[in-house]
Structures are given as C-alpha cells and as structure tokens.
Amino acid sequence: MVQFPQQCEVTVLRAGAERMDLSAALARLDTEGYALLGRVLGDEGLTALRERSEDLMLGRVPDPGLFFQLDARTGHYEDKGLGWRGPSFAYRKIERLEKDERFLAWLSNPLFERVARARIAGGVVLYRAILFNKGDTGGGAIPWHQDGGTLWGLSQEPELQIWTALDDAPVEGGCLEVVPGSHRQGLARPMGGVIPEDQLLAHRAEARAVPLPVQAGEVVLLHNQLWHRSGPSREGHRRRGFSICYMSDATRCLRKKRAPREFFRVFEGG
C-alpha cells in the first residue's frame, strides 16, 4: 500500500494500479510518443493533491521553496508574471514540487518507478515536477511545443514525462493535444520549445492533431519531443495537471550564467 507521509489513512494509488501491465502502454509510448494509463490515482490521493495545490496557491501552508508563475490576464502565453504575487487561483504553474511531501509521494510511487526504470538505466532524477493550472476564468493557451533542446541546458535529452490530471480535462476544456509520432522527427529546432509555424504547416500539425481528454486521476505518458499543446479551460472550470520529467542521473546541467543545477534523485540505480 502506497501512502502519503504522516497521513496513514490516505492511499495514493488505486487498488491494483501498482501491478498493472505496462507492456502495451510502453510500446505505444515508443511508436506514438504518448500512452494513456487510465485512472491510477486513488480518490483519497486525488483529494489530497487538489487540497495541497490550493493551499500552496493561497499561502495556507509554508512555502518550501517553490517557483510560481502567474497566468496572464490577457490570456496570451507571452504575458506571464513571475514569482509569488499573493493568494490567487490564477497561478499558471508551480515548480519544484518535489519539495512538497504530498507531491513527492505521488511522483515517487512504485508504478511510476516501474515506468521510469523501463526507459531509464541506472539512477533516476528529476528535471522538474510542476503543476500546470488553468483557472476558472479560462486560463491561457499553450502553443505547439517540445520539452527539450538547448533551452533546457542539459547534457542529454530527457525522454520521459508523466502527466496526472487533477481535474477533468475534456475536449474544448484544456485537454492535451498531440501530433502522434512527431517525437521520431527529433527537435524541430536546436533550442527546442515552440514549434516554428513553417514546420507546423509542413507536417500538417492541425490535421494530425489528436486530443487526449481525461478525467481527474488519469495519467498520460509523454515523450519529451512529442509535439503537444493545450487550449484554455472552460470558463467556470479549473484544469490542473501535474507533470513530472524523469531522466538519467548521468545528465548534467550545462548552464553558465549561474551555478549548475543539482537534480533531485527520485530512484536509486537498480
């Protein structure tokens, strides 16, 4: 039984999820760049993570050293505000959630360890553990992009992300959209990030786009270089998703402006 620390009554994984067969999902991750695991976060765990996300946004619990980014009032991706700006449900993202005990318990659960070890040899560390939030005013749209490239400043490209829905994310309501198989093309540009318009047109991204609607508690596996995006949430409905990027502990930070990052170790070599 997987539980939150100091909360013995709260179970994280749904019954049986720890032992689920991953073969088909891992094969689809290889070929399509994504796979749906279904509902693996238990009801009590879902309630606890939702509660903690609200507590952090509203400042009801001590900040363990997180990074906050406020969503843009204009709705444009470029117009975002950095840092804590006081109690608000309008934070677009909260990073470094491995510092919070509830989110740490979820990102280190045995099912995710099995997925990570199936794709990463040796010890496993985090590039990031991040809550993406689209508020009930609609939130902002995220354009087509890839999670990697020189923007990330790493010695090797990470390839595994696990995304957990903390709220329902329907079609037309902030769900992820992907271009299946696009990860096999490599990076659209060396720096990574937003996909250039000419490449979107050349590869018919709009025509090939597949929405991935999910219900709260469902989990999606993603390859970092898969083209993906998300639209705004429905007005009056929040959309929170917790994204974890795992990578090899052999990965090094290449940044020069500040001291190189030390990456949080999740799973020891095995």
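User: How many bridges join β7 to β15, and do they run parallel or antiparallel?
Analyst: This is a predicted model. In it, 10 bridges join β7, residues 124-134, to β15, and the two strands run antiparallel. One of the pairs is V124 with S248, its bridge partner in β15.

User: What about β9 and β15, how many bridges there?
Analyst: Six, again in the antiparallel sense; β9 covers residues 160-165. A165 in that pairing stands opposite G241 of β15.

User: Which strands does β6 pair with?
Analyst: β4 and β7 are among them. Four bridges join β4, residues 67-70, to β6 in antiparallel fashion, with Q69 opposite K93. Two bridges join β6 to β7, also antiparallel, and there the bridge partner of I94 is L131 in β7.

User: Why call β6 enclosed?
Analyst: Four of the five residues in β6, which runs over 91-95, are buried, so the rest of the structure largely encloses the strand.

User: Switching to the open sheet. What is the strand order?
Analyst: The order is β11-β8-β14-β10-β12, five strands with antiparallel pairing.

User: Which ones are at the edges?
Analyst: β11, residues 193-194, and β12, residues 210-212; each of them pairs on one side only. β11 is joined by two bridges to β8, residues 142-146, and those strands run antiparallel. H145 stands opposite V194 in β11.

User: Now packing. Which residues touch the most other members in the largest nonpolar core?
Analyst: L97, W106, F242 and Y246, in a core of 44 residues. As a general point, nonpolar side chains in soluble globular proteins tend to be buried together.

User: What does W106 touch?
Analyst: Leaving out residues up to four places away in sequence, W106 touches V12, L13, V40, L41, L49, F112, T164, V219 and F242.

User: And what is in the second core?
Analyst: That one is separate and has 12 residues, including Y34, A165, L176 and V178. A165 is also the residue that stands opposite G241 in β15.

User: Last topic, α1. Which of its residues are buried?
Analyst: A25, L26 and L29, in a helix that spans residues 23-32.

User: Why do they line one face?
Analyst: Looking down the axis of α1, the buried residues fall within an arc of 100 degrees, so they line one face of the helix. In general, an α-helix has 3.6 residues a turn, so residues three or four places apart point the same way.

User: What covers that face, and what follows the helix?
Analyst: The cover over the buried residues of α1 includes β3 (34-39), α4 (110-119), β9 and β13 (218-222). After α1 comes G33, with a positive phi near 90 degrees.

Technical notes. Residues are numbered from 1 along each chain as its sequence is written. This is a predicted model: local features need pLDDT of at least 70, side-chain atom pairs count only at pLDDT 80 or more; totals for chains, interfaces and linings use all residues. Side-chain values use heavy atoms; hydrogens and water are left out. Two strands pair if DSSP finds at least two bridges between them. A nonpolar core is a set of buried Ala, Val, Leu, Ile, Met, Phe, Trp, Tyr and Cys residues joined through side-chain atoms within 4.5 Å. Buried means under 20% relative accessible area, exposed over 50%, partly exposed in between (1.4 Å probe, protein chains only). Contact means heavy atoms within 4.5 Å. The arc is that of the directions from the helix axis to the C-beta atoms.
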